[in-house]
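Here is a quick briefing to read with the model open in your viewer.

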Protein chains: 2
Amino acid sequence: MDRRTELLNCAENVARRHGYDGFSYADLAKEVGIRKASIHYHFPSKADLAVALIERYASTHAEALAVIDETSELASDRLAAYVQGYRKALSGGAKICLCAAFSVSRDSLTDEALRELDAFRGNSLNWLEKTFQLANKDGSVSHSAEPAEEAAALLATVEGAQLVARAANKVSDFDQATKLFLSRLP
Amino acid sequence: MDRRTELLNCAENVARRHGYDGFSYADLAKEVGIRKASIHYHFPSKADLAVALIERYASTHAEALAVIDETSELASDRLAAYVQGYRKALSGGAKICLCAAFSVSRDSLTDEALRELDAFRGNSLNWLEKTFQLANKDGSVSHSAEPAEEAAALLATVEGAQLVARAANKVSDFDQATKLFLSRLP
DNA sequence: CCGAGTATACCTACTAGTAGGTAGTTGTCA
DNA sequence: TGACAACTACCTACTAGTAGGTATACTCGG
């Protein structure tokens, strides 16, 4: 693995645990095993790192959604996989979605980072809306309502479920919070 | 208003905007108009401030829930008021719930602060569960399911809705995310 | 004159970021 | 093929500024 990727992995990990204002170049340097100054070679400023982090996160996320679409036919299966993805990302209650972690530190981010964050959220909502439209056709989700509303509600629910589970450091809180939605699936 | 209260107000405001790791005694000092060192007279350490902040937040929240119970009879009216409370707390997309803001910085908090945070969340869930039990009796919430599941789901939804709205700095994103739930009320 | 509250003046540890330099690799051209 | 230039990836040593926190001195109302 090249150093840049290693740094991104490390930064994503620690950012999702402590938030944007909760990690420093010194933390990364210690973890990766190079000097703090050397990180500036790969990411001149922390703002550059933040942008790279969100960009990579967004593309990984988009790929994951594409894989779900390839793997599952039914809207219900796709949505179950979506929720399961957020559950797995929790890492036992230790990490939350990068998007959630960065949203709290919104005012520390540059405009570019905020744009990337916005794009990420937009893509998620588009996929969800598309999937709830499918649900209205294939009937796999019980009493499915307006796709755009369902999409926004589910995004909020999984992000909130992660936050609550992170607060308690317990995955079971995520499960409890998502149970109601999952009970609408067959 | 006494200085301690003034400091708590200021700290709550900035903590809900930037998170626990996103504000400093220097910020508070500047805002309140006393020197940084003088804040240590009121709150010897930042950990003490954090605990005081959560304690006050929890009791204010509990009072607000009691007022809702006094004001409204129907479960649906109570839940609508609950969601509206979180909407108002958003302050136009600038702030989130203190509990959400602190959850991200979980590892920076002391055990005492974490216990207080846990208690706060517990009280919220209790009230919601109790209210969903009422809903099952008075029938004011359509297809109401298991109260504990409904409670966890709604808490996650409003917290997630705040987070999403904060990311975009738009209250309308909160409204969109809570629309689905509110449509179950008369 | 006591003490609550604030101030000055400091501390150590850490923040992001910069300056200047150095091995080792890679590309290019006579 | 050898020589020289350029580049990559790191280093040590530093900057200015901020973090939370402390010791001690002042001030002013009861």
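**A buried serine in a loop**

S105(B) sits in the loop that links helix 6 (98-104) to helix 7 in chain B. Its relative accessibility is 5%, so S105(B) counts as buried. Once neighbours within four places in sequence are set aside, S105(B) is in contact with Y20(B) and D21(B). Keep in mind that this is a predicted model.

**How the two chains relate**

- Turn chain A by 180°, with a shift of 0.0 Å along the axis, and it can be laid on chain B with an RMSD of 0.0 Å.
- The two copies are therefore related as by a two-fold rotation axis.
- The same surface serves both copies, as 100% of the contact residues of chain A recur in chain B.

**The nonpolar core**

- The largest nonpolar core holds 126 residues, and F102(A) and F102(B) have the most contacts inside it.
- Ignoring neighbours within four places in sequence, F102(A) is in contact with A15(A), Y20(A), A50(A), L53(A), I54(A), L109(A) and L117(A).
- As background, nonpolar side chains tend to be buried together in soluble globular proteins.

- F120(B) belongs to helix 7 (residues 111-138) of chain B.
- Is F120(B) buried or exposed? With a relative accessibility of 4%, under the 20% cut-off, F120(B) counts as buried.
- Not counting residues up to four places away in sequence, F120(B) touches Y57(B), A58(B), H61(B), C97(B) and C99(B).
- If you want a distance to check, F120(B) and A165(B) are 22 Å apart in space, C-alpha to C-alpha, and 45 residues apart in sequence.
- Over in chain A, H61(A) is part of helix 4 (residues 46-71), and at 15% relative accessibility H61(A) counts as buried.
- H61(A) touches Y82(A), Y86(A), F120(A) and S124(A), again leaving out residues up to four places away in sequence.
- With S124(A), the side chain of H61(A) also makes a polar contact of 3.0 Å.

**An asparagine with positive phi**

- N169(A) has a phi near 60°, a positive value in a residue other than glycine.
- In chain A, N169(A) lies in the loop between helix 8 (147-168) and helix 9 (171-182), and is partly exposed with a relative accessible area of 36%.
- In chain B, N169(B) also has a phi near 60° and is found in the loop between helix 8 (147-168) and helix 9 (171-182).
- The relative accessible area of N169(B) is 37%, so N169(B) is partly exposed.

**Around DNA strand D**

- DNA strand D is surrounded by 16 residues, and the closest are R3(A), R35(A), S38(A), Y41(A) and H42(A).
- Of the atoms of DNA strand D that come within 4 Å of the protein, 59% belong to sugar and phosphate.
- H40(B) goes for a base, with a polar side-chain atom 3.3 Å from a base nitrogen of DNA strand D.
- Two or more residues each come from helix 3 (36-42) of chain A and from helix 2 (25-32) and helix 3 (36-42) of chain B.
- Which element gives the most to the surface near DNA strand D? That is helix 3 of chain A, with four residues.
- By type, the residues of this surface divide into seven nonpolar, five polar and four charged.

**Around DNA strand C**

- DNA strand C has 16 residues around it, and the closest are K36(A), K46(A), R35(B), Y41(B) and H42(B).
- Sugar and phosphate make up 58% of the atoms of DNA strand C that come within 4 Å of the protein.
- H42(B) has a polar side-chain atom 2.7 Å from a phosphate oxygen of DNA strand C.
- Elements that give two or more residues to the surface near DNA strand C are helix 2 (25-32) and helix 3 of chain A, along with helix 3 of chain B.
- Helix 3 of chain B provides the largest share of this surface, four residues.

Conventions. Residues numbered from 1 in each chain as written. Chains lettered and ligands numbered in written order. Predicted model: local features only at pLDDT ≥ 70, side-chain atom pairs only at ≥ 80, totals over all residues. Heavy atoms only, no water. Least-squares fit on C-alpha atoms with pLDDT ≥ 70 in both. Contact = heavy atoms within 4.5 Å. Near = heavy atom within 4 Å. Polar contact = N/O pair within 3.5 Å; in protein donor to acceptor, adjacent residues only side chain to side chain. Nonpolar A, V, L, I, M, F, W, Y, C, P; charged D, E, K, R; others polar. Core = buried A, V, L, I, M, F, W, Y, C linked by side-chain atoms within 4.5 Å. Buried < 20%, exposed > 50% of the residue type's maximum accessible area, 1.4 Å probe, protein only.
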